[in-house]
There are 2 protein chains.
Amino acid sequence: MTNITQNVENSFLAQLIQHGLLIPSSVKGVYGRNGIFEDVLTRVDNLITTVGREPGTEVMRFPPVLSREVTEQSGYMKSFPHLLGSVHAFTGDHRQHRELVQDIEEHHDWTHHLSPSDVVLTPAACYPVYAAVAGTLPESGRLVDVSSYCFRHEPSDEPARMQSFRMREFVRIGEPEQVEQWRNQWIDRGLTFLRSLGLNAQQAPANDPFFGPGGRLLAASQQEQQLKTELLAPVNTEQPETAVMSLNYHQDHFAGKFNILTATAQHAHTACTGFGLERITLALFRAHGFDPTTWTAAVREILWP
Amino acid sequence: MTNITQNVENSFLAQLIQHGLLIPSSVKGVYGRNGIFEDVLTRVDNLITTVGREPGTEVMRFPPVLSREVTEQSGYMKSFPHLLGSVHAFTGDHRQHRELVQDIEEHHDWTHHLSPSDVVLTPAACYPVYAAVAGTLPESGRLVDVSSYCFRHEPSDEPARMQSFRMREFVRIGEPEQVEQWRNQWIDRGLTFLRSLGLNAQQAPANDPFFGPGGRLLAASQQEQQLKTELLAPVNTEQPETAVMSLNYHQDHFAGKFNILTATAQHAHTACTGFGLERITLALFRAHGFDPTTWTAAVREILWP
């Protein structure tokens, strides 16, 4: 805590901490939130319900852990091995427990006493959805509203790069044209949503942070095919360079891995619209100041209707 | 999924899944929730705000991960090593990544490529609070409203024993008399709250699930000193045998570990009132049926005011 505030005294992070909005811990990118931060985030979340749900939207909420099997099945470790959190647990007897406690007391590594559990931390809100909708879709496809705490192992002092954060998503699953069209209309829809909150939002072509030398090719291909668009707003600086929303067209990637079929027995296509709930909340504090009671009437009327 | 429903066809869990309230996964005790389940849980959570906050209550919300240091400092691994989830991550280069991917593809264990990260899964909502309030308290002490997703590594088919679930807590920190008195008044307050929801709630002396042969002594001592009281309601069966709330007096245990001092420079005492949000929600479905639109007017007026 002391280190963070000393090193970057006038940074946005330091100001968020000084105003009590974020509560620092000894780990970079892991913060508590106070009641004001949570109130704004909850209101953003409710507004997304209003602007994003369509007739027939199914609501699913998942915990922050996910079956390890899903990670293996989805190919996540091939593309993003550096981001995953794997959950390990102690399953030994009381003799092994004595050794474990001794290692902790002597400040030795104690994690070799643990073994892998059946779960990992959810890396993106939509992952559990694909396993849940496996099988044959109705003709109109499906539209799922999903949200969960996500984890990415990338310790950072940038407040917008938390290790543990909430992601809200709408996931469209169906015929290729249905899905691509749905994804494309979300670009304008997302910009309108963000600008209604007084944010300086811009769109930009983007790619996922694929790992290693092989990852560069995947990223280039994703950009070339325009499979990922990010909506940016100012968070860490005054420039709109932080992705607060992202619109992703997966083609048949997930449907192939999880065996999701259209009514005509083809692999379905999928797309998702993701909202970074902490990032949008931080963008609001960046744009309008640290005290929501002083925000403009236009923004307050939308969030506190 | 098939196994669960076949093995325990008429169980409460099977019924919750059949009604779509819980979405099964391949891991015991890890479920998605549908919109109806979440709506009830959110309303229970809001009601706890109404009945539980007092003037001066501070709101803190923490993510589902916690600094590993806090676990070491709190002595958690001494008492509950079998319940903790430790988070491990891949930090190797692209050569090691190739081996990792090969292990996954050949269905070998791939977790030996990972190393421990700085975080573990939060085992109880109040743990991050003690580190956050370290130092000297104001004269009246502090009262914190905290909530987070918690993890306990205890795979089970009982719906009330999830591995990942939400816990809401009020944490009182101050002089011994202040804290003990506050904890004791919550017994009646908690029973009144639960009974107002039409639940058959009963109190019972309790102990934490301390590990191993040494744990039996700790459990007996905790019971003898009446440090833990649980409020029970019917969930898995028609009998009130599931702890949906728990009231815990820690004496100076946490204040000693985290150096929390009273205004007179003594180690403070702490106590907490915990609400199992999934368990209370499940108790409501057990008591009133699977369709909240059919619940009695008395209960509906409280939750849908």
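Start by selecting strand β14 of chain B, residues 269-276: this strand is mostly covered, with 8 of its 8 residues buried. Keep in mind as you go that you are looking at a predicted model. Now show the side chains. In a regular strand, side chains alternate between the two faces of the sheet. Here B:His269, B:Ala271, B:Thr273 and B:Phe275 point one way from β14(B), while B:Thr270, B:Cys272, B:Gly274 and B:Gly276 point the other way, and all of them are buried.

Which strands pair with β14(B)? Select β9 of chain B, residues 164-174, and you'll find an antiparallel pairing with β14(B) over 8 bridges. Click on B:Val171 to see a residue that stands opposite B:Cys272. Then select β12 of chain B, residues 242-251, which also pairs with β14(B) in the antiparallel sense, over 6 bridges. On this side, B:Ser246 has B:Gly274 as its bridge partner. What holds such pairs together? Strands of a sheet pair through backbone hydrogen bonds, parallel or antiparallel.

Colour the model by chain and find the open sheet of 9 strands with mixed pairing. Walk along it in this order: β10(A), β11(A), β12(A), β14(A), β9(A), β8(A), β3(A), and then across to β2(B) and β1(B). What stands at the edges? There you'll find β10 (202-205) of chain A and β1 (22-23) of chain B; each has a single partner strand, so one side of each is left without a neighbour in the sheet.

Zoom in on the spot where the chains meet. Strand β3 of chain A, residues 58-61, pairs with strand β2 of chain B, residues 32-34, in the antiparallel sense over 2 bridges. Pick A:Met60 and look for its bridge partner, B:Asn34. Now turn to β8 of chain A, residues 142-151: its pairing with β3(A) is parallel, over 4 bridges. Here A:Val59 stands opposite A:Asp145.

Helix α11 of chain A, residues 277-288, lies across β9, β11, β12 and β14 of chain A, running at about 40° to β14(A). Then select helix α3 of chain B, residues 35-52, which lies across β3 of chain A together with β1 and β2 of chain B, at about 85° to β2(B).

**Next stop: the two chains together**

How many residues of chain B are in contact with chain A? There are 54, and they touch 54 residues of chain A. On the chain B side, those residues divide into 29 nonpolar, 18 polar and 7 charged.

The same surface serves both copies, as 100% of the contact residues of chain B recur in chain A.

Now select strands β4, β5 and β6 in both chains. They form an open sheet of 6 strands with antiparallel pairing, in the order β4(A)-β6(A)-β5(A)-β5(B)-β6(B)-β4(B). The two β4 strands (65-67), one from each chain, stand at the edges with a single partner strand each, so one side of each has no neighbour in the sheet. Look along the sheet to see the twist, which averages 55° from one strand to the next. Within chain B, β5 (residues 86-89) and β6 (residues 115-121) run antiparallel, joined by 3 bridges. One bridge to click on links B:Ala89 with B:Ser115.

Most residues other than glycine have a negative phi. A:Asn259 has a positive one, about 60°. Find this residue in the loop between α10 (253-258) and β13 (260-261) of chain A; A:Asn259 is partly exposed, with 15 other C-beta atoms within 10 Å. Then jump to B:Gln226, another non-glycine with a positive phi, about 55°. B:Gln226 sits in the loop between α9 (212-224) and β11 (228-233) of chain B, and is exposed, with 11 other C-beta atoms within 10 Å.

Notes: Residues are numbered from 1 along each chain as its sequence is written. Chains are lettered from A and ligands numbered from 1 in the order in which they are written. This is a predicted model: local features need pLDDT of at least 70, side-chain atom pairs count only at pLDDT 80 or more; totals for chains, interfaces and linings use all residues. Two residues are in contact if their C-beta atoms, placed from the backbone, lie within 7 Å. Ala, Val, Leu, Ile, Met, Phe, Trp, Tyr, Cys and Pro count as nonpolar, Asp, Glu, Lys and Arg as charged, and the others, Gly among them, as polar. Two strands pair if DSSP finds at least two bridges between them. Axes are lines fitted to C-alpha atoms, for helices over the stretch in contact, and angles run from 0 to 180 degrees between N-to-C directions. A residue is buried if 20 or more other C-beta atoms lie within 10 Å of its own, exposed if 12 or fewer, and partly exposed in between; C-beta atoms are placed from the backbone.
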